[in-house]
Amino acid sequence: MEHLFSPYKLKGMELKNRIVMSPMCQYSVESKDGIATEWHYLHYVNRAIGGAGFIMIEMTDVEPDGRISDFDLGLWSDEQIPALARIVEACHRYGAKVGIQIAHAGRKAEDAEVPVGPSAIPFDLKSKTPRALSTDEVKEIVEKFRKAVQRAVKAGFDVIEIHGAHGYLIHQFHSPLTNKRDDEYGKDLTKFGREILEAAKAEMPEDMPLMMRISAKEYVEVGYDINGSIEFAKEYQNAGVDIFDISSGGEGPIAAWGKPGTHAAYQVPLAREIKKALNVPVIAVGRLDDPTMANTVIGNEEADLVAVGRGMLRNPHWALEAAATLKKETTVPTQYADGFRR
């Protein structure tokens with residue numbers, strides 16, 4: 001039976017365990033140039049030392065106005081490659097594989113003077129009204145994703161993740177809530193996302209997995225549900241996605257009737273449904289900080305990998321602690337061995 005510390009292989013990527021460090025924005029680029037800092041280096045490498053098999057670098061944006069805030073990471077310039085490459089190299093040294101989440105915030109770009117989106121619909125009453133992108137500008141953003149992926153490959157990443165969740169630009173295009181266009185990108189809601197995925201695949205080595213994060217459910221009255229996400233995920237799978245990272249929400253202010261769960265593993269059923277419907281590998285996320293719960297998700301074949309967020313913010317050695325709790329074998333750094341002896 002598979003468990004949290006079983007190895008996992010997807011195309012050319014081999015993981016020592018099923019534990020993913022979730023991509024979590026640090027908002028720590030103080031110079032606002034998009035270049036990873038010493039904080040990012042220490043933050044990610046410590047989780048590699050702490051036993052995570054797979055490190056996901058936080059949302060990294062394809063243009064300056066595509067950032068949630070000016071303190072986010074970017075990959076719109078070759079100058080941003082070396083600092084990321086340094087992180088990848090160090091994580092590899094401690095046995096972890098590394099992915100990067102490439103994105104554009106769209107209408108949720110808080111520091112953009114005028115954010116952009118598929119349509120001129122603000123996130124909420126307090127947000128700036130975005131400018132609707134022209135058809136040509138949409139195609140230009142596809143190319144910006146292509147170039148960002150090209151830079152990520154140069155930096156040595158093992159996996160590329162395209163961020164199509166949480167109300168950011170790709171999500172805005174495939175959601176009827178936010179896409180009211182009458183051009184080709186309005187008539188076919190997945191066209192923008194598919195073109196980005198196809199552009200990414202063209203820049204990636206054949207054996208490198210392509211991931212996509214999606215929100216499998218929207219928490220507003222007229223939002224799509226799991227059946228809607230299964231349908232658009234099929235389109236993205238056909239465009240080249242090898243594994244889906246299953247989250248939910250982020251599309252707008254949450255209606256009282258549709259609040260997301262707060263209990264452990266509340267998003268796991270969404271991952272299970274996508275996995276079953278598409279026969280595709282998935283990553284489960286959402287309050288999976290308890291090692292026994294995370295192990296159960298793998299053992300019950302509800303997901304192939306488990307992403308841990310808050311737990312790893314609290315404890316960079318979460319994976320080592322999980323192995324001790326579950327009594328599973330894992331590699332403990334020699335320097336820390338005394339702390340994990342049974």
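Colleague: In which helix is Lys276 found?

Modeller: Helices are DSSP runs of H or I with at least four residues, strands are runs of E with at least two, and both are numbered from the N terminus. Lys276 is found in helix 8, residues 268-278. This is a predicted model, in which local features need pLDDT of at least 70, side-chain atom pairs count only at pLDDT 80 or more, and totals for chains, interfaces and linings use all residues. Residues are numbered from 1 along each chain as its sequence is written, and side-chain values use heavy atoms, with hydrogens and water left out.

Colleague: Is Lys276 buried or exposed?

Modeller: Buried means under 20% relative accessible area, exposed over 50%, and partly exposed in between (1.4 Å probe, protein chains only). Lys276 counts as exposed because its relative accessibility is 70%.

Colleague: Is Arg67 buried or exposed?

Modeller: Arg67 is buried, since its relative accessible area is 7%. Arg67 has its place in the loop between strand 4 (54-61) and strand 5 (73-74).

Colleague: Which residues is Arg67 in contact with, leaving aside its neighbours within four places in sequence?

Modeller: Contact means heavy atoms within 4.5 Å. With those neighbours left aside, the contacts of Arg67 include Lys32, Asp61, Trp76 and Glu110.

Colleague: Which residues of helix 11 are buried?

Modeller: In helix 11 (residues 318-326), the buried residues are Trp318, Ala319, Leu320, Ala322, Ala323 and Leu326. The elements that cover these buried residues include helix 1 (38-49) and strand 13 (305-308). Lys327, which follows helix 11, has a positive phi, near 60°.
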